[in-house]
Amino acid sequence: MSAKSENLFMVSLKDAAAGGAVALALFGVLIGMKAEVASGLGGQLGIEYRWAAVAIAVAIVFGGRLLLNLFVWKTDKPVTTTAKGFLPSAKPLAKLGKYAMPVFLILAVVLPFLLMSAYGSRGSRQYLDLAILVTTYVMLGWGLNIVVGLAGLLDLGYVAFYAVGAYSYALLAQYFGFSFWICLPLAGILAAFWGIILGFPVLRLRGDYLAIVTLAFGEIIRVVLLNWYDFTGGPDGISGIPRPSFFGIEFERGPGGFADTFGLEYNSIHRIIFLYYLILIMALVTNFVTMRLRKLPVGRAWEALREDEIACRSLGINTTHTKLTAFALGAMFGGFAGSFFATRQGFISPESFTFIESAVILAIVVLGGLGSQIGVVIAAVVMIGGFEFFRGLEEYRMLVFGLLMVVIMVWKPRGLISTRMPSITLSGKKAKGISADLVQEGHG
């Protein structure tokens, strides 16, 4: 072994040992000690020690960091450069990318029929529920993409508009007896109104300061919902939220129900399929409106604001109105999704609208690629749908979640879809996609 190789090994070994020490300090608390309530001892609180799991986690961190130092980070010839030669070039992938949206759309439309034929009405219900959840997050991601991806405004309190939409529908239905179809536009309007209220105080803020204010706004909404017991039910939440009907036809057993009206045998899966197509249509409308707005002057103003706010002002664009429209429209779609969440669940409480929801939605937008619509779809399917496979890991789920985010951000720092399509070109012809490295991420 040469002196250079021996020096590389020693430096890598020291760095890996330091990483293992940090992992030991973290995992010793997160994994090593688990609080449990002993049912046989009168409900006494005890601690279960799992040092074997800590040792495995530390060994993985130490070995992984050592290998990365030796073969990627500190070597003159990283294996990643060799691995790039085996990966397909970007041009064929770009050609395949334009067919991704139609393929996803066709698959989404026929998904209930595929699941019914494969698993039957009883076995397909859990997969349809998961598809509804994924599509809801796709809609939320597309709504937040207006604020973060197009306008470049970092919003960490998007779940507040989600909560406003849900509670708007629940309270209007409880106190006034309004149906879902009446409450749906009202929930969006109320959420947009709160988006404007949030937009006014943060017009002069950027970057981290903007993120802190939006985070605080989300927590204010949650705390108000939690403590205004007489109006919102507080921690008890609101139950008995009405279900949507199919043009006035309820999904119930007996005469006048959906199955009786169309001559079908009654099955509870009918309502689940209806909810799936309802959120799918709402998500597609969100995508259509977003893509149309992006080509209008307001959409180009959003992208100009994202690139450079000073240059945006020099062009005569009113940045105040531009920010407010971004916040209001993004909040409106969040309100629509919130009203659907309320009618799907039949019960809501402040615990459904915590900061972790905002973090997940923001992660979907960032991991998919800022400004990329198809990227949001892919990220939502991977993060929400794929995350269900880690449900058996219980307390390790968040560790796996964080690890996957770190890996993707190191591998694809600009998101899974790292190309952008210009909204308009001087030639009038359809422009080719450009690298996201040439697009600013925005500073708010």
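Glu309 lies in helix α14, which spans residues 309-314; helices (H or I, at least four residues) and strands (E, at least two) are DSSP runs, numbered from the N terminus. With a relative accessibility of 7%, Glu309 is classed as buried, where buried means under 20% relative accessible area, exposed over 50%, and partly exposed in between (1.4 Å probe, protein chains only). The side chain of Glu309 makes a polar contact of 3.5 Å with that of Lys323. Such a contact is a pair of N or O atoms within 3.5 Å; within protein, one must be able to donate a hydrogen and the other to accept it, and residues adjacent in sequence count only if both atoms are side-chain atoms.

The model is predicted: local features need pLDDT of at least 70 and side-chain atom pairs count only at pLDDT 80 or more, while totals for chains, interfaces and linings use all residues. Residues are numbered from 1 along each chain as its sequence is written, and side-chain values use heavy atoms, with hydrogens and water left out.

Across the whole structure, 18 aromatic pairs are found. Rings of Phe, Tyr and Trp (its six-membered ring) pair if their centres lie within 6.5 Å; planes under 30 degrees apart count as stacked, over 60 as edge-to-face and the rest as tilted. Two of the pairs are tabulated below.

| Aromatic pair | Centre to centre | Angle between planes | Class |
|---|---|---|---|
| Tyr49 and Trp51 | 5.8 Å | 20° | stacked |
| Trp228 and Phe231 | 4.7 Å | 40° | tilted |

Trp51 is partly exposed, at 48% relative accessible area. Trp228 is likewise partly exposed at 48%, and Phe231 is partly exposed at 32%. Elsewhere, a cluster linked by ring pairs comprises Tyr158, Phe161, Phe193, Trp194 and Phe217.

Helices α16 (residues 355-368) and α17 (residues 373-385) pack with axes 8 Å apart and at an angle of about 125°. Axes are lines fitted to C-alpha atoms, for helices over the stretch in contact, and angles run from 0 to 180 degrees between N-to-C directions. The two helices are therefore oblique, since angles under 35 degrees count as roughly parallel, over 145 as roughly antiparallel, 65 to 115 as roughly perpendicular and the rest as oblique. Residues in contact (heavy atoms within 4.5 Å) include Val360 and Ile364 of α16 and Val376 and Met383 of α17.

Overall, the protein has 18 helices and six strands, and 42% of its 444 residues are buried.
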